Amino acid sequence: MKKILLFSLVIISTTSYFAQCSSNTFYDDCSTQLDKALFIKAFSISTSDMKKGEKSVEYNYVFSKGTTYTITSCDIESNKMIIELYDRNKKLIASNYDKTKRKFYPKIAYPCSATGVYYLKYKFKSDDDACGISMLGFSK
């Protein structure tokens with residue numbers, strides 16, 4: 001009986017944990033980080049959505065020259081979602097995590113100097129189950 005109860009508690013807590021990532025309140029709270037940037041797209045990031053053996057997920061988006069892009073990082077608890085922005089040659093150009101200072105930043109502001117495909121790579125510092133959202137916005 002104790003095993004069944006423990007298993008039920010794990011399922012319930014995991015379900016409510018990931019439900020928080022998809023709640024409207026969580027989206028609303030994260031959208032405030034865009035400041036004056038206009039919303040383009042939201043990315044839901046979860047370790048459960050990553051392919052088996054993978055520790056990150058990648059999306060691509062076309063950025064336009066002369067536009068500043070804002071990319072936000074919002075995660076539940078202290079799982080620390082890391083965003084890495086790569087150019088069309090897959091060269092790292094920005095991150096919300098400073099390895100030398102071991103500091104996370106809630107967003108990246110990137111003034112685009114060349115039109116092309118850019119890659120957004122998401123991962124979590126912890127190997128535990130984690131979830132979060134990221135929003136992409138732009139301003140001229």
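In which loop is the place of Lys90? The views below begin with the whole chain and return to this residue at the end.

**View 1. Overall fold and confidence of the predicted model.** This is a predicted model, in which local features need pLDDT of at least 70 and side-chain atom pairs count only at pLDDT 80 or more, whereas totals for chains, interfaces and linings use all residues. Residues are numbered from 1 along each chain as its sequence is written, and side-chain values use heavy atoms, with hydrogens and water left out. The secondary structure consists of two helices and 11 strands, arranged along the sequence as α-α-β-β-β-β-β-β-β-β-β-β-β. Helices (H or I, at least four residues) and strands (E, at least two) are DSSP runs, numbered from the N terminus. The predictor's confidence in each residue, pLDDT, runs from 0 to 100; its mean for the protein is 82, and 80% of the residues reach 70 or more. Among the elements, strand β6 (residues 92-95) has the highest mean pLDDT (97), and helix α1 (residues 2-21) the lowest (42). Over residues 1-18 pLDDT stays under 50, and the model has 12 contacts beyond four places in sequence for this stretch. A contact here means heavy atoms within 4.5 Å.

**View 2. Surface and burial of the chain.** The accessible surface comes to about 8900 Å², with 54% belonging to carbon and sulfur atoms. Accessible areas come from the Shrake-Rupley method with a 1.4 Å probe, and for residues only the protein chains shown count as cover. Of the 140 residues, 35% are buried; buried means under 20% relative accessible area, exposed over 50%, and partly exposed in between (1.4 Å probe, protein chains only). Among contacts between residues at least 6 apart in sequence, 78% join residues at least 24 apart.

**View 3. The largest nonpolar core.** A nonpolar core is a set of buried Ala, Val, Leu, Ile, Met, Phe, Trp, Tyr and Cys residues joined through side-chain atoms within 4.5 Å. The largest one holds 19 residues, of which Ile45, Phe63, Ile71, Leu85, Tyr110 and Tyr122 touch the most other members. Two or more residues each are given by β1 (38-46), β3 (68-72), β5, β9 (107-111) and β10 (116-124). Strand β10 supplies the largest share, four residues. Another core, of nine residues, lies apart from this one and includes Leu34, Ala37, Cys131 and Met135. Beyond four places in sequence, the contacts of Leu85 include Phe63, Ile71, Tyr110 and Leu120.

**View 4. Tyr86 in strand β5.** Tyr86 belongs to the strand formed by residues 81-86 and is buried, with a relative accessible area of 14%. Its side chain makes a polar contact of 2.7 Å with the side chain of Glu84. A polar contact is a pair of N or O atoms within 3.5 Å; within protein, one must be able to donate a hydrogen and the other to accept it, and residues adjacent in sequence count only if both atoms are side-chain atoms. The C-alpha atoms of Tyr86 and Tyr118 are 5.7 Å apart, although 32 residues separate the two along the chain.

View 5. Thr72, in strand β3, is buried with a relative accessible area of 0%. The Thr72 side chain reaches the backbone nitrogen of Met135 at 2.9 Å. The link of Cys30 and Cys74 is right-handed, with 90° about the S-S bond. Cys30 lies in helix α2 (residues 24-31) and Cys74 in strand β4 (residues 74-75), 44 residues apart. Cys30 is buried at 1% relative accessibility, and Cys74 is buried at 8%.

**View 6. Positive phi at Asp35 and Lys90.** Most residues other than glycine have a negative phi. Asp35 has a phi near 55°; this residue is placed in the loop between α2 and β1 and is exposed, at 58% relative accessibility. Lys90 has a positive phi of about 65°. The place of Lys90 is in the loop between β5 and β6, where Lys90 is partly exposed, with a relative accessible area of 44%.

Terms used: A disulfide is a pair of cysteine sulfur atoms within 2.5 Å.
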